[in-house]
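Reader: Hello! Could you pick one spot in this model, look at it closely, and then walk me outward from there in one connected account?

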Number of protein chains: 4
Amino acid sequence: MISFESDYIAGAHEKVLQKLIETNLEPLSGYGSDKYTKSACEKIKAACACEEAEVYLLTGGTQTNALIISTMLADYEGVIAADTSHVGCHEAGAIEYTGHKVLPLPNHQGKLDAGEVEQYLKTFYADGNHEHMVFPGMVYISHPTEYGTLYSKEELMELAKVCSAYKIPLYMDGARLGYGLMSPETNVTLPDIARLVDVFYIGGTKVGALCGEAAVFTKNNVPRHFMTLVKQHGALLAKGRLLGVQFDTLFTDDLYFKISQHAINMAQRLKAILQEADCTFYLESPTNQQFVVMENEQLKEFGKEVAYSFWEKFDESHTVIRLATSWSTKEEDLESLRKILEKI
Amino acid sequence: MISFESDYIAGAHEKVLQKLIETNLEPLSGYGSDKYTKSACEKIKAACACEEAEVYLLTGGTQTNALIISTMLADYEGVIAADTSHVGCHEAGAIEYTGHKVLPLPNHQGKLDAGEVEQYLKTFYADGNHEHMVFPGMVYISHPTEYGTLYSKEELMELAKVCSAYKIPLYMDGARLGYGLMSPETNVTLPDIARLVDVFYIGGTKVGALCGEAAVFTKNNVPRHFMTLVKQHGALLAKGRLLGVQFDTLFTDDLYFKISQHAINMAQRLKAILQEADCTFYLESPTNQQFVVMENEQLKEFGKEVAYSFWEKFDESHTVIRLATSWSTKEEDLESLRKILEKI
Amino acid sequence: MISFESDYIAGAHEKVLQKLIETNLEPLSGYGSDKYTKSACEKIKAACACEEAEVYLLTGGTQTNALIISTMLADYEGVIAADTSHVGCHEAGAIEYTGHKVLPLPNHQGKLDAGEVEQYLKTFYADGNHEHMVFPGMVYISHPTEYGTLYSKEELMELAKVCSAYKIPLYMDGARLGYGLMSPETNVTLPDIARLVDVFYIGGTKVGALCGEAAVFTKNNVPRHFMTLVKQHGALLAKGRLLGVQFDTLFTDDLYFKISQHAINMAQRLKAILQEADCTFYLESPTNQQFVVMENEQLKEFGKEVAYSFWEKFDESHTVIRLATSWSTKEEDLESLRKILEKI
Amino acid sequence: MISFESDYIAGAHEKVLQKLIETNLEPLSGYGSDKYTKSACEKIKAACACEEAEVYLLTGGTQTNALIISTMLADYEGVIAADTSHVGCHEAGAIEYTGHKVLPLPNHQGKLDAGEVEQYLKTFYADGNHEHMVFPGMVYISHPTEYGTLYSKEELMELAKVCSAYKIPLYMDGARLGYGLMSPETNVTLPDIARLVDVFYIGGTKVGALCGEAAVFTKNNVPRHFMTLVKQHGALLAKGRLLGVQFDTLFTDDLYFKISQHAINMAQRLKAILQEADCTFYLESPTNQQFVVMENEQLKEFGKEVAYSFWEKFDESHTVIRLATSWSTKEEDLESLRKILEKI
């Protein structure tokens with residue numbers, strides 16, 4: 001059995017693990033006050049080329065989304081997001097649990113359109129009755145999106161411009177950011193992101209870490225007493241070192257980017273194999289997640305040898321599945337996949 | 001200046017006011033323990049022909065919606081509602097403030113379609129990933145809807161059947177219930193509603209009261225310690241008599257129904273006047289709210305003599321407005337309206 | 001049966017009721033945009049001698065407390081209050097429902113001691129670990145307190161000084177404010193309060209209104225989009241006129257103060273009667289609520305003819321009860337009470 | 001520099017780390033569906049001798065407390081806890097953030113007294129006004145407490161009896177449970193706890209793990225759709241294996257108990273050293289945390305060579321500090337401590 005089920009099927013990259021082993025018995029203070037956390041944050045700031053950035057290490061994506069969104073919004077505000085967004089669809093109502101509405105706009109292969117966001121904001125403020133409505137207080141995007149697609153630098157600039165005009169922050173969920181940055185089809189760099197968005201997070205859980213996401217506030221805009229808010233949300237690790245050591249390693253010698261590049265290389269090989277096998281792609285994804293439409297009987301056979309993710313029902317006889325590569329994907333597994341596809 | 005701005009432009013019906021005057025100096029215990037509140041609840045139960053109903057008097061619609069929805073849902077649940085619903089659009093995020101998501105489905109002139117609700121529920125439970133999604137825990141409908149439209153008895157039965165199959169309550173927001181019940185185009189009675197839905201409220205604010213809504217739980221399903229929850233939401237009046245006396249009067253000698261009938265009679269006259277004046281109706285409403293599309297320049301003139309509600313922009317040169325009748329509408333104002341429309 | 005059960009046993013003062021009758025059929029816009037609400041707010045500002053005050057009319061005390069506290073606190077903050085405070089003890093957790101902790105300090109006959117508040121704040125910031133604690137973000141006092149006691153002007157100045165030094169607002173719950181202002185033992189005026197506290201409310205429910213409290217923000221410190229927050233809490237009346245007309249009347253020709261004076265006169269008579277009857281006072285209250293300790297058997301007899309409030313168990317054979325006067329107390333009822341006390 | 005600052009100064013026990021290394025590249029499904037998580041839960045159930053127990057692995061203590069308390073309480077309920085409790089004092093209001101009040105009772109060296117809990121419950125229900133109060137819906141204890149003290153089996157039985165009589169769950173925060181179970185002064189076993197309390201958690205973060213707490217529901221009482229609630233709170237790790245592997249190792253061959261025993265042995269040596277040095281103990285603690293009162297000048301010297309925790313100010317010239325041992329404490333560090341204390 002081989003697995004392309006997700007990009008979180010393995011533990012940590014060996015260098016990350018190695019550093020955890022090396023530092024294991026060093027006595028360190030808790031709650032993120034240790035030297036590795038400090039070093040990690042400095043290295044991330046450097047990678048972002050953003051001197052004024054403030055970096056906080058958190059455990060997971062939903063936690064990070066809920067914390068950033070709820071602490072940056074006023075009580076009367078909600079967050080604009082694509083109707084396919086992770087925060088709107090697959091976080092069990094974590095945003096609403098904090099008291100805020102997710103305001104859905106139509107997605108375009110997982111992406112928001114800057115013109116539509118602008119139109120929404122314009123209409124909202126033109127409408128005399130908006131005092132009884134949820135104020136749009138932030139724009140949430142994911143990059144790569146839940147469908148593996150990417151914003152171009154121009155698209156990000158347009159979104160940033162709209163947000164700036166309406167004085168609301170642009171927030172990027174970067175659960176798979178490394179895989180977006182290393183895609184051959186992107187023109188967006190990490191410093192571009194730090195410059196264009198107001199807050200984002202660099203995903204570790206899906207890119208080489210056991211767990212961990214690095215929230216980056218880029219505009220001197222970290223909410224006051226953020227550590228206390230992290231504690232209040234139950235999101236503060238006593239052993240902050242667990243996150244500090246991992247991110248310190250990921251941002252040493254460009255490890256984060258190198259292992260992301262590996263995942264992208266593997267994804268391109270995966271695409272080639274799927275094309276060779278005449279698979280129908282559900283959409284064109286330039287990153288590590290590939291979506292294909294499979295005939296249900298064929299899928300049953302396929303599932304006996306390959307672990308995949310069910311995405312959604314396509315029609316009565318077909319299903320959309322997701323195959324993901326990651327930093328841990330092995331070439332031999334792709335070769336096995338190729339052979340399995342040949343057979344069925 | 002005449003006003004058709006809303007159905008809450010006047011104070012209370014004279015009989016309601018009269019009773020408040022008569023009982024004003026009687027010493028009564030607080031928090032709804034007074035005899036008028038008890039009597040009101042009994043009369044409402046009788047009008048509903050529902051022995052096991054439990055009735056609670058609250059102050060306003062948003063308050064009632066937030067209380068009922070948040071106390072009947074589990075933490076992991078949200079409420080299905082039309083994408084035009086009051087709870088989803090015009091309550092400033094009051095439902096999300098309680099931690100729950102409003103799950104929007106397409107509206108059909110303000111109404112939910114039972115088939116679409118069923119399909120949503122079916123798909124939700126078919127999808128293996130639903131543990132990361134908000135569980136649909138209730139269906140919210142308004143009757144009349146925000147567009148003045150009505151469910152037929154058959155449509156309510158279908159919705160009730162779907163809800164029953166999935167073991168979730170059907171909740172009816174009856175802010176304008178009287179106007180729905182007295183419409184010549186309805187086949188739904190108050191006992192029908194009490195039988196078909198699990199919980200609903202009978203609007204008083206828009207139907208003869210200074211303020212007040214009567215929440216009716218029909219299936220031995222009132223949340224435990226509901227009074228404490230009402231207090232916790234800041235919704236418990238010290239002088240519960242204010243609500244008790246009003247509803248006691250409204251449900252004596254069918255007053256609620258008679259004054260609703262007056263509003264409907266006035267609405268039919270209003271429709272006739274608008275038709276005579278060749279106004280374009282935005283949609284066909286069988287209740288007290290009428291929606292017409294007006295040319296913007298004409299509307300400017302109109303607005304000098306008639307107070308109306310802006311509804312939404314129709315196109316660059318036209319606007320949708322709402323004109324509402326109510327228990328307090330005077331025939332002479334309709335006659336004035338007719339003359340104004342003749343002029344412009 | 002006569003009643004001294006509470007100060008909310010009657011409806012509205014006759015002048016308030018009269019004005020509701022007079023204005024009943026005037027068509028008025030909703031949600032507090034009517035002329036009576038505007039006039040009421042202006043009159044309250046004048047009575048406060050506070051030009052920059054901003055006034056909002058709400059329905060009840062718990063609602064007002066929850067709204068003001070939750071919208072003025074940051075997420076990481078709680079509110080300091082006496083351990084006997086209404087917000088801490090008798091609002092069913094309404095403050096915690098909004099996500100904020102009530103931080104109890106010892107009461108002195110219902111009052112906070114400025115020195116103890118200062119010590120608490122000093123210790124909090126001296127303690128290196130306070131990042132894991134709830135930040136004290138406001139001081140809540142009631143005036144009169146839940147025990148009928150009053151702060152002197154000097155005590156309010158001290159509290160204001162401490163709050164100012166720590167840059168946190170001082171909030172006064174004035175559910176019974178009129179009865180405090182008219183006490184012969186106070187040296188505090190309404191303009192004093194407006195000058196010394198950052199936000200307070202003037203209670204109407206217990207002082208002549210059917211319902212209603214006037215929240216007064218005195219330092220250009222009303223939370224942004226407060227009306228939207230009021231709506232979000234389910235606290236916005238469609239017929240804002242109900243509150244506007246009442247407060248407009250209460251603040252015309254000093255009605256609020258005159259009827260409060262009546263209650264105080266009646267309270268002094270009540271105290272004299274209780275003293276004559278050799279009742280044991282639980283504490284010395286200078287306002288309209290009087291607390292006496294009664295022997296249980298005697299209380300049983302007493303309760304057959306007089307409605308009172310149970311306050312708390314005193315010991316195995318005695319009970320603390322509350323007798324309250326109000327704007328509606330009649331001299332003849334006091335005379336009856338005197339006779340009843342003579343008998344038992 | 002040696003450190004007795006806390007029991008979370010080191011990473012993971014070597015066997016735990018070894019297992020993380022061994023399993024690192026095995027492809028495993030996410031969100032706790034992996035075989036190690038399943039095995040860990042089975043082993044914990046066995047150690048608890050509680051067949052019907054249901055076990056969930058979470059990341060940290062505050063998170064676990066907030067999740068268990070908020071999902072087991074009804075909206076109208078709060079949680080009784082000692083006034084020194086972690087949930088009441090040092091979790092930044094995490095419980096209130098979920099909408100629930102912490103109801104403080106006096107502590108006795110960190111412990112609740114069953115008689116006082118019973119009295120509180122009795123008085124609550126005797127008081128006719130309790131509908132306006134927060135209902136006591138759970139009793140929270142920590143074992144060991146924040147002061148290192150322990151409940152005897154008899155004390156736990158009494159608490160369990162009171163909770164059972166009032167039909168509310170007894171919840172034990174076991175952040176340092178191992179150190180309680182291995183204390184020479186306890187007569188409480190893990191099966192005792194599983195039998196006597198309704199829900200508890202076995203702390204991993206402070207007892208050999210990088211992070212992780214095992215929540216154990218012992219009475220078929222796990223809240224419905226608990227995984228969804230975990231997700232909603234941002235507490236669900238994508239790589240559930242991180243927790244599964246660690247707890248699987250800790251509960252293999254009694255590792256959890258053996259390493260806890262080591263910490264207790266080290267604590268007894270620490271106590272002896274402190275006694276020899278004539279230190280003043282703040283209280284008598286039978287577990288791994290020791291509290292001593294130090295003269296401030298002496299403490300300054302001490303602090304140059306030993307990392308400790310500031311606990312609280314004792315008086316103007318003295319300070320209470322905490323010294324903690326753990327699974328990772330080395331004998332040589334204790335020997336160094338002894339020499340340092342000799343010197344100063």
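**From one loop outward**

Author: Happy to. Asp253(A) sits in the loop between α11 (241–250) and α12 (255–276) of chain A; helices here are DSSP runs of H or I with at least four residues, strands are runs of E with at least two, and both are numbered from the N terminus. Everything below comes from a predicted model, in which local features need pLDDT of at least 70, side-chain atom pairs count only at pLDDT 80 or more, and totals for chains, interfaces and linings use all residues. Residues are numbered from 1 along each chain as its sequence is written, while chains are lettered from A and ligands numbered from 1 in the order in which they are written.

As background, most residues other than glycine have a negative phi, and most peptide bonds are trans. Asp253(A) is exposed, with 10 other C-beta atoms within 10 Å. For that scale, with C-beta atoms placed from the backbone, 20 or more other C-beta atoms within 10 Å of a residue's own make it buried, 12 or fewer make it exposed, and counts in between make it partly exposed.

In chain D, the loop between α11 and α12 (255–276) holds Asp254(D). Phi of Asp254(D) is also positive, near 55°, and Asp254(D) counts as exposed because 12 other C-beta atoms lie within 10 Å.

Peptide bonds bring another local detail. The bond from His143(A) to Pro144(A) is cis, with omega near -5°, and Pro144(A) belongs to the loop between β5 (135–142) and α7 (153–165) of chain A. In chain C, His143(C) and Pro144(C) are likewise joined by a cis peptide bond, where omega is about -10°. Pro144(C) lies in the loop between β5 (135–142) and α7 (153–165) of chain C.

The axes of α6 (residues 114–126) and α7 (residues 153–165) of chain B come within 9 Å and cross at roughly 10°; the axes are lines fitted to C-alpha atoms, for helices over the stretch in contact, with angles from 0 to 180 degrees between N-to-C directions. The crossing makes α6(B) roughly parallel to α7(B), on a scale where angles under 35 degrees are roughly parallel, over 145 roughly antiparallel, 65 to 115 roughly perpendicular and the rest oblique. From α6(B), the contact uses Ala114(B), Val117(B), Glu118(B) and Leu121(B), and from α7(B) it uses Glu155(B), Glu158(B), Leu159(B) and Val162(B). By class, these residues are five nonpolar, no polar and three charged; Ala, Val, Leu, Ile, Met, Phe, Trp, Tyr, Cys and Pro count as nonpolar, Asp, Glu, Lys and Arg as charged, and the others, Gly among them, as polar.

Now for chain A as a whole. Its secondary structure comes to 14 helices and 13 strands, and 57% of its 344 residues count as buried. Residues 24 or more positions apart account for 74% of its contacts with a separation of 6 or more.

Finally, the chains meet one another. Chain D can be laid on chain B with an RMSD of 0.0 Å by a turn of 180° and a shift of 0.0 Å along the axis, superposing by least squares on the C-alpha atoms of residues with pLDDT of at least 70 in both. That is the relation of a two-fold axis. The same surface serves both copies, as 100% of the contact residues of chain D recur in chain B.

Notes
Two residues are in contact if their C-beta atoms, placed from the backbone, lie within 7 Å.
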